[in-house]
Amino acid sequence: MGGILKKVLLYGLLGAAVFTVGMLLGHFAIQKGGESTPEWLRDVSRDVDEPLIERFITEVDNAQIRENLRELTSTPHMATTEGDERTVQYMLKRWQDPDTGLDDAWREEYKVYLSFPNKTTPNKVTVVSPTSEVLFTAREKEKVYEPDQSHPDVVQPYAAYAPAGHPKGKLVYANQGKVSDYEFLNSTMNLAGTIAIVRYGGAGRAAKAINAAPFGVIGVLVYTDPMDINDGRMSDVNETYPHSWYMPPSGVERGSFNTHFGDLRTPYLAAKEHTYRIPEADITGLPPIPTQPIGFEDAYTLICELDGPAAPSDWHGAFNCTYNVGGPGFRATSRFNNSDVNLDIYNKGELRNSSNVMGIIRGSVEPDRYIIYGNHRDSWVNGAIDPSSGTSVMLEITRVLGKMVKEGKWRPRRSIIFGSWGAEEFGLIGSAEYTEEYYSKLRDRTVAYINVDISVFANATLRVQGSPAAQSVVFTATKQVKTPGSNPTSVYDNWIRYFNRTSPTHGVVPNVAFLTGAGSDYAAFIHFLGITSMDIAYTYDRSKTKARIYPAYHTAYDTFNYSAQYIDPGFTSHQTVARTAGNVLLRLADSLLVPFSSTDYAESLEQYLSTALQNFNDRLAQKGISMEPLKNAVTKFRTAATSLEKLIQESDLANETPLKVRRINDQLMLLERAFLDPLAFPDKFGFRHVIWASKSSSVATFPGLADAFAHAQETDLRQDWDQVHKHLSIVTQAIEGAAHTLEEVI
């Protein structure tokens with residue numbers, strides 16, 4: 001009887017598998033109007049087609065990418081403007097093309113809260129004498145060097161979401177606007193009623209003003225120091241743009257000065273027409289005082305006239321004067337003696353309709369499993385590098401794949417969803433609203449998210465950030481793609497020269513950085529949904545420049561000509577990114593077994609554990625808090641991961657029941673979700689991943705534990721050490737829970 005029951009159960013499972021596959025293929029046939037399914041699509045055990053990947057690599061065309069970029073950057077396209085709508089229509093046209101388009105493409109609308117300057121009354125920064133004479137006025141727009149920069153839709157530099165107002169006060173120099181910077185100044189002077197000038201870097205945009213307000217500062221100016229972006233170069237006569245890639249003196253980095261990502265008035269709700277919105281006054285994480293960015297030529301004029309003692313040496317930049325902190329105010333010998341700096345800011349919040357453009361190639365075997373590939377579409381001005389370098393690459397990938405689909409030569413195993421997100425520059429809004437609207441479906445069905453935003457910062461090497469689970473598939477893809485140039489090597493071998501680490505398992509490998517912040521549209525996918533994510537780009541040789549980012553970032557100089565002349569002449573690095581990202585995409589979409597590694601994840605957890613023990617163990621022991629549970633949890637995870645890898649290696653999955661493959665794939669797909677805790681970070685909107693959430697601490701380990709420990713060390717209060725214990729328990733339980741998901745069914 002037992003043998004009969006086993007056979008019945010086995011045949012029942014096989015029957016269910018056949019039924020499931022039949023349903024999936026039937027679903028596909030219905031989607032395609034009842035067309036007969038090619039034989040090669042009926043093979044549910046099919047795996048990655050290496051010749052097809054080679055064909056894809058060959059067909060990716062740098063000339064096509066160049067023309068994509070030329071079209072995308074032909075006009076400024078800030079979110080919700082006419083230029084933005086033009087790019088929406090262009091994306092739809094390309095993805096609906098009968099020969100090279102996708103299966104379907106459409107737009108999705110959200111009504112979102114954005115911030116704009118006043119077109120008729122521009123923001124203004126002046127130095128005003130005691131008799132109200134205007135002694136100096138900062139530039140309202142950047143200097144024009146080529147026609148693109150004189151377009152009427154070039155928006156004045158401004159700090160999005162900074163409030164309107166007209167503060168006037170004595171100027172002080174506050175370095176990077178960190179809390180410690182204001183504390184240093186406050187120890188020697190009264191900051192009440194002052195205007196602070198700070199440079200980019202060290203603290204987030206919004207934080208520079210948020211940190212200032214408690215000290216009585218009433219307004220903030222922000223600039224980019226040439227030391228941080230230009231390797232010290234300052235002259236547009238022969239050093240900066242238009243003679244090189246460096247930011248010219250009038251260049252201003254625009255940006256969104258908010259702390260949280262997503263639509264600010266509909267937290268955790270998709271911003272549809274009917275959605276409840278919190279009052280503007282209840283929005284958190286915004287500058288409480290007027291703030292305005294300016295160019296370094298104007299910052300030079302102001303800082304070099306300041307009174308007071310010299311700033312600490314590490315506050316100094318590239319200006320050929322002493323960086324004094326201010327009296328507050330200007331020197332007695334200055335032409336600005338006894339004068340105030342006045343900010344007239346007219347920013348205003350508005351509800352605007354913003355569009356995502358979505359496209360899909362439906363899967364043939366597992367259409368209910370998604371690989372999502374995305375990039376935002378909006379820019380501050382023309383946005384050739386940010387974001388259109390990424391969009392031009394995405395359009396070339398969809399052209400090649402779309403052509404293969406239309407010709408009937410290929411269809412992915414899993415569905416591929418492409419997203420062209422709107423309003424990213426205002427705080428990752430389009431992607432965040434998408435994840436909120438489709439939360440349940442994306443949580444249950446999404447295998448991975450690939451983000452390619454700025455595809456080419458420069459043309460030296462690949463740079464990847466991502467989940468450790470996806471490291472192996474990236475390595476496989478990069479070994480197959482060649483670098484551009486006359487002496488090509490593999491992208492992998494070139495990458496390892498610039499960014500590498502020593503793995504206990506694999507030896508020296510390229511370093512895949514962790515996705516620990518919210519720098520682009522991967523944020524909602526990894527931090528909010530717990531979807532395995534990665535961000536892929538080409539970047540510069542950091543031994544040759546100290547620039548914190550490409551120098552035209554968020555300025556009016558980020559144009560097609562800038563990209564073609566200084567970033568990637570020939571567009572071969574764009575082509576390399578397209579080949580690499582597309583290769584990863586195809587492997588994720590077509591592999592019989594999802595190409596994730598749980599043992600690579602274990603290695604990263606062990607790395608974090610080692611750092612935590614080294615930095616926290618002794619002090620926690622003094623407080624009676626044991627780290628043994630965390631050590632045990634990481635050991636359990638390693639054991640479970642090793643067991644799963646062994647099961648995979650010993651299985652002949654192509655010849656076993658599809659349900660076994662599906663079960664293992666679900667374990668790999670859902671691994672990242674196991675690290676989510678919606679209550680772990682109540683003060684951090686959208687951050688629920690206890691391993692990769694953002695943190696303030698400089699210790700590279702579990703974020704909640706690191707931040708709680710740093711705070712408790714500072715206060716030494718019992719309740720703060722209790723918080724350390726709490727976060728230790730949170731991360732311990734998350735890792736144990738993740739280990740359980742890797743084990744075989746109970």
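Trainee: Where is Pro328 in this structure?
Mentor: Keep in mind that we're looking at a predicted model. The peptide bond from Gly327 to Pro328 is cis, with omega near -5°. To place Pro328, look at the elements on either side: the loop between α9 (296-303) and β11 (340-344).

Trainee: And Pro387, what is omega near for the peptide bond from Asp386?
Mentor: Start with the setting: Pro387 sits in the loop between β13 (366-376) and α10 (388-406). The bond from Asp386 to Pro387 is cis, and its omega is near 10°.

Trainee: Now Thr80: is Thr80 buried or exposed?
Mentor: First find Thr80 in the loop between α4 (62-72) and α5 (82-95). Its phi is near 70°, a positive value in a residue other than glycine. Now for accessibility: buried means under 20% relative accessible area. Thr80 has 18% relative accessibility, so Thr80 counts as buried.

Trainee: Which loop holds Leu428?
Mentor: Leu428 is a residue other than glycine with a positive phi, near 55°. For its place, check the strand and helix around it: Leu428 lies in the loop between β14 (414-421) and α11 (429-437).

Trainee: Why does Leu428 count as buried?
Mentor: Use the cut-off again: a residue is buried when its relative accessible area is under 20%. Leu428 is buried because its relative accessible area is 6%.

Notes:
Residues numbered from 1 in each chain as written. Predicted model: local features only at pLDDT ≥ 70, side-chain atom pairs only at ≥ 80, totals over all residues. Heavy atoms only, no water. Helix = DSSP H or I, 4+ residues; strand = E, 2+ residues; numbered from the N terminus. Buried < 20%, exposed > 50% of the residue type's maximum accessible area, 1.4 Å probe, protein only.
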